[in-house]
Amino acid sequence: MSLLLQEQENLPDCFVLRPPTMADVPGVVALLNANWRKLQGTEPFTEEEVRGDWSEPGFDLATEARLITTSAGQIVAHIDFVCRTPFVRGMVWARTHPDYGDLGCGTRLTRWGEEAVRAKMGAAPDDARLTIECSNLAQDQAAADLLLGLVYLHSRSVYSLKIE
């Protein structure tokens, strides 16, 4: 079975899972801001920020990120991860458009992220303690429920100072 067909597994037929390209930046920013607007009432993401993140040295857009789109091409969910040497901790970050919640997109992307991080962790030292971390805003109960349902444990909270 091809990798693309494996990635499509457990995804409704009306959706496509694929790697993003730089041409997807505006759509990803729109998705992220729609998610943030619902949760916090702000739109903090910019195209420059996403392009910068995707251009970081060592980040491979083709293997470390995925999008879910409708069959018409609208971006409805996004995930990327970081897992660098010594490959003991993976940081996974995913968001779903608020209009597309409860359709399995978040679960499928999280599972994809886990599989991709685990593949990189194969290069970790044999005796290493391995962790995969996912983050979400405190207001995002749907994301918390999804992660708890996938057997993630809530292990910490972050406090941020908003500077205006």
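I began with R37, which in this predicted model is partly exposed at a relative accessible area of 41%. Its side chain meets that of E43 in a salt bridge, with N to O at 2.2 Å, and I noted E43 as partly exposed too, at 48% relative accessibility.

Next I searched the whole structure for salt bridges and found seven. I followed the one between K120 and E64, whose closest N and O atoms are 2.6 Å apart. Because K120 lies in helix α5 and E64 in helix α4 (residues 61-64), this pair ties together parts that are 56 residues apart in sequence. I looked up the accessibility of both partners: K120 is partly exposed at 26%, whereas E64 is buried, with a relative accessible area of 1%. I also recorded that E64 and K120 are linked with R84 in a network of salt bridges.

I then turned to helix α5 itself, residues 105-121, whose 17 residues reach 24 Å from the first C-alpha to the last, close to the 24 Å expected at 1.5 Å a residue. Its buried residues include L109, W112, A116 and V117. Within α5, the side chains of R111 and E114 meet in a salt bridge of 2.7 Å, N to O; the two are three residues apart, so about one helical turn separates them. Here R111 is partly exposed at 32%, while E114 counts as buried at 8%.

Last, I checked strand β1 (residues 15-18), where F15 and L17 make up the covered face and V16 and R18 the uncovered one. Four bridges join β1 to strand β2 (residues 65-70) in an antiparallel arrangement, and I found F15 opposite T70 in β2.

Note on methods. Residues are numbered from 1 along each chain as its sequence is written. This is a predicted model: local features need pLDDT of at least 70, side-chain atom pairs count only at pLDDT 80 or more; totals for chains, interfaces and linings use all residues. Side-chain values use heavy atoms; hydrogens and water are left out. The expected span of a helix is 1.5 Å times one less than its number of residues. Buried means under 20% relative accessible area, exposed over 50%, partly exposed in between (1.4 Å probe, protein chains only). Two strands pair if DSSP finds at least two bridges between them. A salt bridge is a side-chain nitrogen of Lys or Arg within 4 Å of a carboxyl oxygen of Asp or Glu.
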